Amino acid sequence: MENNRFLDNFTKFAIKIGGQIHLCSLRDAFAITMPLFILAGLSVMFNYVILEQFMQGEALATAQQFGSLIINGTLNISALLIAPMIAYSLALNRNFKNPISAVLVSISALIIMMPLIISQAPIDSEVSVRLSGLLSFKSLGTTGMFAGIIVGLLSTEIYIFFGRIKKLQINLGDNIPKAVGDSFSAMIPIMITLSLFGILSFILLVFMNTDLIALISSLIQEPLRKINTSLPGVLTIYSFGNFLFTLGIHQSVINATILDPLLLVNMNENMLAFSAGQPIPHILNSVFVPTFGMLGGTGSTICLLIATFLFGKSKTTQEVAKLAATPGIFNINEPVIFGYPIVFNIPLMIPFVLLPAIGIVFAYIMTTIGFMNHVVVMIPWTTPPLLSAYLATGGDLRGVLVQLIILVFGVFFYLPFMKISDRVSATISNTE
């Protein structure tokens, strides 16, 4: 009874955290923008993996301009993309009557918080000059992503607060077009919200000689990312999320809200460094973790399917494995988690939580010692194992070998727990 009460309370707590409106809005916003980041990853691979196999010199540089244009419209404006998507998602989750206006406010607020003067080195020069009247990809891209998150959340909350005050709404009557009426109704709340951001930006500039992008990067983003995206941080958060899945609570409750946004920043910086021919700054990122820690989906359950096909004796689990095999190849494994099942299956909960951590550590070590390339290409999460390692590492077959080793190890790691699970199921069936 005590154990059941603990699990019930723990489940309620986890669901409450996962259902927190700001975390849900973050998750929804990143889901919306993900296709653009995948396109950016494919553009990086096209520019610096595929084209370099067939072209060189001036012809290569000319051809690479196509991928560079795509990168500019996706990766290099990631902050400008994420802020309005967060605003829209949050406004919807708040049931605000005019969510599209929150998008407008968030974009304007983000630009207000940008630096007035930037330092930039001209082409063919190493000396930076101070320039005004410009927005830089540095501020609008991965460096400003965390600022985009904060501005998207904060501007929307402030705007919704003032937008729901009736006395601040200008009502022109029912005889005008709805778009015009909504615009006038939102006018004063928008003006107040953006004025507050203007005051904050002015204070940072005049009294602190800085801007929100630089302030967040130095005080919040980098310290938080160093903790959460360190190897211990990733293993702790990711394993905890996987444990929740064994209780029937989707791992995205934790991973998609606490870990993935920071890992995505790492991934974007890796792609930019790779495209610029610079040293790759991060081992752990939003593609590395699933590529080596989610073979066949959360818990690397494709290893369990293979173990079932090769060594399983239970007809029930064999049938489940047959049904789950095709989606499992594309990292969709809910049929395994809820059909095998893994949920509340004590023997299988152990490898489900531990195997991904082992895979991540092994791949981390192999990258650290230089055995395989860093993960530098954003790929869709549905990319099958082995192919995913090849593409994510920029065409490095050694990455495929590392993933294959994890796969084989995982089969034999799952095997004894699978046998115990089968025995438990058989015993329960006989008892019944």
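Helices α2 (residues 21-54) and α4 (residues 78-93) cross at roughly 135 degrees, their axes coming within 8 Å; α2 and α4 are therefore oblique to each other. Helices here are DSSP runs (H or I, at least four residues), numbered from the N terminus. Axes are lines fitted to C-alpha atoms over the stretch in contact, with angles running from 0 to 180 degrees between N-to-C directions. Angles under 35 degrees count as roughly parallel, over 145 as roughly antiparallel, 65 to 115 as roughly perpendicular, and the rest as oblique. The crossing of α2 and α4 is right-handed (the near helix is turned clockwise from the far one by less than a right angle). The contact (heavy atoms within 4.5 Å) involves I21, H22, C24, S25, L26, D28, A29, F30, I32, T33, L36 and F37 of α2, together with S78, L81, I82, M85, I86, S89, L90 and N93 of α4. These residues comprise 13 nonpolar, six polar and one charged, where Ala, Val, Leu, Ile, Met, Phe, Trp, Tyr, Cys and Pro count as nonpolar, Asp, Glu, Lys and Arg as charged, and the others, Gly among them, as polar.

The model is predicted; local features require pLDDT of at least 70 and side-chain atom pairs pLDDT 80 or more, whereas totals for chains, interfaces and linings use all residues. Residues are numbered from 1 along each chain as its sequence is written, and side-chain values use heavy atoms, with hydrogens and water left out.

Helix α2 also packs against α7 (residues 145-163), with axes that come within 12 Å and cross at roughly 130 degrees. The two helices α2 and α7 are therefore oblique, and their crossing is right-handed. Residues H22, L26, F30 and F37 of α2 meet M145, I149, L153 and E157 of α7. By class, this contact has six nonpolar, one polar and one charged residues.

With α3 (residues 57-72), the axis of α2 comes within 8 Å at a crossing of roughly 170 degrees, and α2 and α3 are therefore roughly antiparallel. Among the contributing residues are L39, A40, S43 and V44 of α2 and L60, A63, Q64 and F66 of α3. The contact of α2 with α3 divides into eleven nonpolar, five polar and one charged residues.

A pocket is an open set of points on a 1 Å grid over the protein atoms alone where a 1.4 Å probe fits, with protein on both sides within 12 Å along at least five of seven lines; lining residues have an atom within 4 Å of a point. Of the 40 lining residues, Q251, D260, P290, M294 and W381 are the closest to the pocket centre. Elements giving two or more residues to the lining are α2, α10 (231-246), α11 (255-275) and α12 (288-293), and the largest share, seven residues, comes from α11. The lining has 22 nonpolar, 15 polar and three charged residues.

Two backbone features lie in loops. The peptide bond from Y340 to P341 is cis, with omega near -10 degrees, and P341 is found between α15 (334-339) and α16 (346-368). N209, a residue other than glycine, has a positive phi near 55 degrees and is located in the loop between α8 (178-208) and α9 (212-228).
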